[in-house]
Amino acid sequence: TLLYETAAASVGVLALLLVGLSWFQRRVEIAAGATALMMVALLLEIGHFRPDNIQAYTAPLGVYVLAGALLALRLPKLQSDAREAIGLGELLGALLIMAPTFVQSFDHGAWAYGVILLGEGLAIFGVAVIRRRLWLLCSSTGFVVADGLHYLFFSGGPVLPNWALL
C-alpha cells in the first residue's frame, strides 16, 4: 500500500539524514545507527515484494552483520570484551548467509542451492583467509564440507565431478 511505501521511504530518508549528520560531526556511533536504519529500510522494501525465498531477507542481513563485524576490528578504542564478541558476529553473519541455502539444498530437485552454497562458502573462506579470521574459516569450511557430503549422498540433479566434491 501507499502507507507502507511511505513508511519505508521515510526510514530511508532518515537514514540518509543520519549519514549526513555523522559525516559532519565525524561520529562513528551515528554512522552505525544510520546503517542499521538503512538495513531496516532495505528489509522493508524486500518485504514489499513478499519473496517466498527466505534468502532474500537473510543474505543482506548476513552481509550487513559480517561487514559490521569486520569493520569493527578497525576501531582503535574498542574494548577487549567487544573485540572478543566480534568473532561471534562473524559467525552469525556467516550463518545468516549460508544456513538457509544449506537447508534449501535438501529439497527435492533443489541441487542448485548446493552449488550456490559452494560459491558462498568459498567466498567466505577467501575472506577468512585474507583477513585471518578463525570463526569465518571454521564456519565456511564446515558448510563446504557439509555441502560436499550432501552432494556425495544426494541422488537428484547433475552429478558433480569428484574433484569438485574434494
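**Helix 5 in its setting**

Reply: Among contacts in the chain with a separation of 6 or more, 57% join residues 24 or more positions apart. Keep in mind that this is a predicted model. The chain has 7 helices and 0 strands. From the N terminus on, the elements run α-α-α-α-α-α-α. The C-alpha trace spans about 55 × 45 × 20 Å along its principal axes. Of the 166 residues, 28% are buried.

Now to helix 5. This helix covers residues 111-131, 21 residues in total. From first C-alpha to last, helix 5 reaches 31 Å, close to the 30 Å expected at 1.5 Å a residue. Its buried residues are Gly114, Leu117, Glu120, Gly121, Ile124 and Ala128. They lie on the same side of helix 5, because they cover an arc of only 125° around the axis. The partners of these buried residues are helix 3 (55-72), helix 4 (80-104) and helix 6. Just after helix 5 comes arginine 132, with a positive phi of about 55°.

One partner deserves a further look. Helix 6 spans residues 134-153 and contains leucine 149. Leucine 149 counts as partly exposed, because its relative accessibility is 45%. Leu149 also belongs to a nonpolar surface patch, together with Val145, Leu152 and Phe153. Together, the four have about 440 Å² of accessible area. For the chain, the accessible surface comes to about 10500 Å², and 73% of that belongs to carbon and sulfur atoms.

Technical notes
Residues are numbered from 1 along each chain as its sequence is written. This is a predicted model: local features need pLDDT of at least 70, side-chain atom pairs count only at pLDDT 80 or more; totals for chains, interfaces and linings use all residues. Side-chain values use heavy atoms; hydrogens and water are left out. Patches are made of residues with over 30% relative accessible area and no salt bridge: like charges are joined within 9 Å, nonpolar side chains (Val, Leu, Ile, Met, Phe, Trp, Tyr) within 5 Å. Accessible areas come from the Shrake-Rupley method with a 1.4 Å probe; for residues, only the protein chains shown count as cover. A salt bridge is a side-chain nitrogen of Lys or Arg within 4 Å of a carboxyl oxygen of Asp or Glu. Helices (H or I, at least four residues) and strands (E, at least two) are DSSP runs, numbered from the N terminus. Buried means under 20% relative accessible area, exposed over 50%, partly exposed in between (1.4 Å probe, protein chains only). The expected span of a helix is 1.5 Å times one less than its number of residues. The arc is that of the directions from the helix axis to the C-beta atoms. Contact means heavy atoms within 4.5 Å.
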